[in-house]
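Dear colleague,

Please find the structure below, handed over for your study. My findings follow it, and I would ask you to read them with the structure open beside you.

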Amino acid sequence: MANTDALRTPVIARPGADASIEPRLKRIWETAPGFVGALCSVDHKSIGKRYLVTAFAFLVAGGLEAALMRLQLARPDQSLLTPDQYNQLFTMHGVTMIFLYALPVLSGFSNFLWPLILGSRDMAFPRLNAFSYWVFLLAGIFLYSSFPLGRAPDAGWFNYVPYSSLPYNPGINIDVYALGMVLLGVSTTVGSTNFIVSVIRTRAPGMSINRVPILIWGTLTASVGNIFAVPAVTLAFILLWMDRRLGTHFFDPGAGGQPLLWQHLFWMFGHPWVYAIVLPAMGIVSDALPTFCRRPLVGYTLVALSTVTTMVLGFGVWVHHMFATGLPPVSLSFFSAASFVIVIPSAVAVFAWLATIWTGRPQFRTPFLFFAGFVMVFVIGGVSGFMTASVPVDRQLTDTYFVVAHLHYVLIGINVFPVVGGIYYWFPKFTGRMMSERLGKWSFWTMFVGFNIGFFPMHILGLLGMPRRIYTYPEGMGWGPINMIVTLGAYLFALGVLLFLIDVWRSRRHGAAAGPNPWDAPSLEWATASPPPVYNFAVIPSVASRYPLWEDRMKGHTGSSELAEGMLLDDGRETIGTSGLDAEPDVILRMPGDSAAPLLLACALAIVFIGLLMQSWWVVGFAVFASLVATIAWLWPEPALGQTMDIARG
Amino acid sequence: MKRARCGSALVLCIAPLVADAAEPMSYLRTFGPAGDPVTRLGWGLGIVALAVCAIVGVLLLAGMLPRVRPPLGRRELAVRDDSGGTSWIYIGVGISTLVLLACAIWTMATIAAVAMPAQASETTVQISAAQWWWNVRYLNRDPSRIFTTANEIHIPVGRPVRFELESRDVIHSFWIPRLAGKIDVIPGQTNTLWLQADAPGTYRGQCGEYCGAQHAHMAMWVVADEPRDYIAWSERQLRPAAPPASEALERGQQAFVANCGACHSIRGTPAGGILGPDLTHLMSRGTIAAGLLRNTPGNLAAWIADSQALKPGSRMPSMAIAGNELSAIVSYLQTLQ
């Protein structure tokens, strides 16, 4: 990589003094106009926005599915939906929310924000970034492809064998799910790799690892977790598909296979995944809440460490989804204890937020409301999780509506509330315009009240013994009136989400102009214009503290960040590569330009999976060949991308 | 019957919901030693959980209350130091850890307390779960004293009963909430469970693991009888079905054997199918179709003629049987006391 002939010292420039810099950078980084240009774009900001919009589209789809289910369950013995329809709806609702909304929406934030927060010009692998999005989009469409045929996946998102194996589920429903999940795993894996390398290599000079915002810690932790967790589920789905279509017997108890093997593989993935979809969202709160408390986060180091600890422990608790499977008491005790222990790092974060609010001066803007509401909902979801950590109690609670309540408090509480708050917070950065405070407050209170009316009573339903995943229930169980309340609350919550979406739609054209830093926030993304120019920063900033934009006002800070003057790097698309811990600059990274290859490879890969679904080996063979061609085109050597060593370190 | 209902204000809010007859699946109160220690632990953890929510809620609201302080300037920070405030974390996490430790110890003690019954069980019931009903077989060392029934399990009051759980197809979960927590029924392995009811009565149960189209209609009943009644019940169950007492009933039996015998058994007749529930003493059961319908002649006829409308996807086909034949079958079934 380091070619000694090409040693080069970056030019240090001051764009304020030279008006020719910014137009030149714009020409270098700009995406070609038009539709084709957009398809080829590798700009992290476009990709981030695409992730956000696509994830919200899936959120709406999953929400409509839930709305139908809640109508069916509002009263006993209703027959609005057939059992088959209900079972497909609850399966697709789970699949959509967990896989197609919750992680992708966070990837959207991270993709848009990371290079801005890190003071870089793009992610480490821009083309991989585009590829990751396209595969996600195509996998999402793939997973929905059998929905219009009435053959959507119908064995629950957890997809237990043998119910999901061929004798009990002969249609294509489960094949769509199995193959779609393997395809989606490709997107998650490359996306995670990109995040990990980006944080290690592309931070602004001086942004040592203990100066990155908590959102970075959250996404980094989630990404490392995904790298370890996704292979388990990919393996599980490949084995299942082989059982179904190639005649193997991994999960077939009649031929010596093991149904519990599925559960172990699935939950070894499934539980870390839960942390992957909440830790970045907790990071959003840890970074944005302090802005509205007018002080830095309390206990930065403890919160960062607790983020990592949560994920490490998260790999040791998967059996708590299997407390009723008849495992021996000794192993149950171990996993029960581990599940209690994982409360501790969450408690660190909660007390850090409480202390931040107490010792700061809360400013009651819309994002603050969402974050403060989140803290309450997070605690309710946390303590119901603590109850299910106790093996004997869980053997009553599991597979009842108590768990439905718990997981919605966790996923809506810890994902949706911070995400909506995060959109209110960063919308000015995304678009250059503010969202409406008035509509925002209406939206928050509708969502918060609707959410609690809709989901809190589910705890009581669970305690009254209502099982999950039933398409109807008889009278005389005492569940009817509570279900009616739940349905009304859920619709109120949906109304709140609708208000939010209306606000987004309206504000993107008609919101007040925001300026670079409307909230007076401390991190680097607020140092550049809103919306940011295509090259992010005219010169690479160098960072001397955790709060670059607040440091003139902080007590006893040493050194100062330099935002107005820095490395220019304008010989093609370039950014600076820095060392892993201390962020010492050590290489000029030459970034690839826009390319159609990621989209073509994603399409070819999707066709491979369509061929597998149809069991048309010709299609598979053709598409594998097309994938190889696209990969070669992608990796074709470009002299302009030869990396050069920066000798100006130190 | 006098299980501790812990008295706190929040419990009182929920207590009206604990009315017995109205919520047959509620496990806020349990009725036997396999469930009671768990129920106490559940209430304990629930109260801790509610207390934590209350404390955090109060701290959160109090932290946001306006306090008398000079207003902040436009670009002013409230705190210009990022090292303070950590005592919140140390104290909060320290207290949480102690509470967690106590709860973990209580949990381990409860696991031990409900692992085994205090006395050995004399009765073993083998449950085979199937889509979407429960086959119930009373085991005995003497093979002539083994009998089979479905969906309604009688047990003697005050005695532990051991259950061996097997699945004929997919994963189900055996759950009688008022007696004990659930245990999954997994093909290829035999899980075990013990139950004991301290009060006579009927305890409803339902499949706890999603198992397909009719997961919602896979209920069962545990009937706890006084030991004397239990013995009488099991003696009746051991007998084969009484022979038809009239020519009309004879015709009904023949029609049953011809139409239903491939799947259903009636001991003492040529009907010996094992795919569906054993109907030898059908009329001793309160419900049919795994708890879906009360066991009345009208419901029986409707179920036979149109099971797919009542329980779509059920393994029982809607039988195209002529009206007179159907009523002959139903009349015959009425004799299976």
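**Confidence in the model**

In chain B, pLDDT stays under 50 over residues 1–19, and for this stretch the model has 20 contacts beyond four places in sequence. Please keep in mind that this is a predicted model. Chain B has a mean pLDDT of 92, and 94% of its residues reach 70 or more. For the complex, the predictor gives an ipTM of 0.93 and a pTM of 0.95.

**Where the two chains meet**

Chain B contributes 75 residues to the contact, and chain A contributes 80 residues. On the side of chain B that touches chain A, the elements that give two or more residues are α2 (36–64), α3 (86–115) and β7 (183–185) of chain B. Of these, α3(B) gives the most, with 16 residues. Sorted by class, this side of chain B holds 42 nonpolar, 24 polar and nine charged residues.

**Domains of chain B**

The domain assignment divides chain B into domain 1 (9–30 + 35–64 + 85–115), domain 2 (123–238) and domain 3 (247–333). Between domain 2 and domain 3 of chain B, the C-alpha centres lie 22 Å apart. Their contact takes 19 residues from domain 2 of chain B and 16 residues from domain 3 of chain B. On the side of domain 2 of chain B that touches domain 3 of chain B, at least two residues each come from β2 (133–139), β3 (147–150), β10 (219–225) and α4 (227–238) of chain B. That side of domain 2 of chain B comprises nine nonpolar, eight polar and two charged residues.

**A pair of packed helices**

Two packed helices are described by the angle between their axes and the distance between the axes. In chain B, helix α5 (residues 247–260) and helix α7 (residues 323–333) pack at an angle of about 105°, and their axes are 7 Å apart. Angles of 65 to 115 degrees count as roughly perpendicular, and α5(B) and α7(B) are therefore roughly perpendicular to each other. From α5(B), the contact is made by B:A248, B:L249, B:R251, B:G252, B:Q253, B:A255 and B:F256. From α7(B), the residues are B:E325, B:A328, B:I329, B:S331 and B:Y332. The contact of α5(B) with α7(B) has seven nonpolar, three polar and two charged residues.

Yours sincerely

Notes:
Residues are numbered from 1 along each chain as its sequence is written. Chains are lettered from A and ligands numbered from 1 in the order in which they are written. This is a predicted model: local features need pLDDT of at least 70, side-chain atom pairs count only at pLDDT 80 or more; totals for chains, interfaces and linings use all residues. Two residues are in contact if their C-beta atoms, placed from the backbone, lie within 7 Å. Helices (H or I, at least four residues) and strands (E, at least two) are DSSP runs, numbered from the N terminus. Ala, Val, Leu, Ile, Met, Phe, Trp, Tyr, Cys and Pro count as nonpolar, Asp, Glu, Lys and Arg as charged, and the others, Gly among them, as polar. Axes are lines fitted to C-alpha atoms, for helices over the stretch in contact, and angles run from 0 to 180 degrees between N-to-C directions. Angles under 35 degrees count as roughly parallel, over 145 as roughly antiparallel, 65 to 115 as roughly perpendicular and the rest as oblique. Domain bounds come from an automatic or database domain assignment. pLDDT is the predictor's confidence in each residue, from 0 to 100.
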